[in-house]
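Reader: I have not looked at this structure before. Could we go through it one feature at a time?

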Amino acid sequence: KKRWLPGCASGNIITAVAMTEPGTGSDLAAIRTIAVKDGKDYVINGQKTFISNGINCDLVIVAVKTDTKAEPPFKGISLLCVEAGTPGFEKGRKLDKMGFHSQDTAELNFVDCRVPVANLLGEEGQGFFYLMKKLQGERLVTSIMAQSMAEAMLQMTIKYSRERTIFGKPISSFQHNTFKIVEMATEIELGRTFLDNLICDYIAGEDIVMKVSMAKAWIPEMANRVAYQCVQLHGGYGYMEEYPICRFARDVRVIPIFAGTTEGMKVIVGKMMGL
Ligand SMILES: Cc1cc2nc3c(=O)[nH]c(=O)nc-3n(C[C@H](O)[C@H](O)[C@H](O)COP(=O)(O)OP(=O)(O)OC[C@H]3O[C@@H](n4cnc5c(N)ncnc54)[C@H](O)[C@@H]3O)c2cc1C
């Protein structure tokens, strides 16, 4: 905590969290990266992919299997802190993405990478539980991100469609378009109300697993519906980089995928509903 947390808080230490692997994303329990104890070290071998900040990171928290025989398998997962520059830890390709170009997403490789046992975060075999607990916060943040993008997209589209005149009238005044805008505004309002309520629950320290999974399943999908309609209302200009809606539409596409897919969220809610 003394060594890394102040730097994490000040921004001097850029962190990454490496769970996803080429062979598995949604099924975290199936990760293959292993860490074997050898004297005072763990020796890590494996590959990670799609890691945000993978290139820029100074410190990466790596989900590894410390017990490959654990039953159920998720009980064999632990979290290890690996500093950039550690021999055997290699930053791989910076991946070319559809959007989110301001943030790097990369592959990471671990070949006989030794880290001291002291780099274990928390207790061995508890990694899955730590991740499940803290991912609720990430899912809340990504839902907020999707919600605020939907709000911004609608605002810029209302402005554009009031200013753009076709057949002698602003396009917002064609009833079809008015209805589209009203439908989007309604969905956005529903999202905002649900999210505000959820944020209050989170601040109050309540268990938000079910509601945040619902939010993560619905709000990013809603934001993508909004993105599609907003580009459409911009016509050809919506496809041009000089109009911000173009970038928004590209960037928003990933939100139903990262931090737990829409389908993954529905699996969680379904289980909690006893289905
Ligand atoms: C830009 C970006 C940044 C990312 N950053 C990180 C990061 O920092 N750290 C990290 O560890 N990972 C990161 N990821 C990875 C991300 O979390 C995974 O892409 C995601 O978990 C899905 O895994 P996958 O891509 O392997 O898809 P898969 O797990 O192969 O899933 C493919 C499809 O099957 C669906 N599916 C899976 N299970 C079920 C089911 N039971 N029922 C129905 N459908 C199902 C999925 O929802 C998806 O639609 C990032 C990804 C992207 C694109």
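Reader: Which element supplies the largest share of the shell around the ligand?

Author: The model is a predicted one. In it, strand S3 gives the largest share of the shell, three residues. Strand S1 (15–18), S3 (41–52) and helix H6 (262–272) each supply at least two residues of that shell.

Reader: How many residues surround the ligand, and which are the closest?

Author: The ligand is surrounded by 17 residues, and the closest are Thr-20, Ser-26, Phe-50, Thr-261 and Glu-263. By type, the shell divides into nine nonpolar, six polar and two charged residues.

Reader: Which polar side-chain atom lies 2.6 Å from an oxygen atom of the ligand?

Author: That atom belongs to Glu-263. In the side chain of Thr-20, an N or O atom is 2.7 Å from a nitrogen atom of the ligand. Met-19 uses its backbone instead: an N or O atom there lies 2.8 Å from a ligand oxygen. Of the 980 Å² of accessible area that the ligand has on its own, the protein covers 62%.

Reader: Which way do residues of a helix point?

Author: An α-helix has 3.6 residues a turn, so residues three or four places apart point the same way. In H3, the buried residues include Lys-180, Met-184, Ile-188, Gly-191 and Leu-195. The buried residues of H3 pack against helices H2 (127–163) and H4 (209–234).

Reader: Is Asp-96 buried or exposed?

Author: Asp-96 is exposed, with a relative accessible area of 83%. Its place is the loop between strands S6 (89–94) and S7 (105–116).

How values were computed: Residues are numbered from 1 along each chain as its sequence is written. This is a predicted model: local features need pLDDT of at least 70, side-chain atom pairs count only at pLDDT 80 or more; totals for chains, interfaces and linings use all residues. Side-chain values use heavy atoms; hydrogens and water are left out. Buried means under 20% relative accessible area, exposed over 50%, partly exposed in between (1.4 Å probe, protein chains only). Helices (H or I, at least four residues) and strands (E, at least two) are DSSP runs, numbered from the N terminus. Contact means heavy atoms within 4.5 Å. A residue is near a molecule or strand if one of its heavy atoms lies within 4 Å of it. A polar contact is a pair of N or O atoms within 3.5 Å; within protein, one must be able to donate a hydrogen and the other to accept it, and residues adjacent in sequence count only if both atoms are side-chain atoms. Accessible areas come from the Shrake-Rupley method with a 1.4 Å probe; for residues, only the protein chains shown count as cover. Ala, Val, Leu, Ile, Met, Phe, Trp, Tyr, Cys and Pro count as nonpolar, Asp, Glu, Lys and Arg as charged, and the others, Gly among them, as polar.
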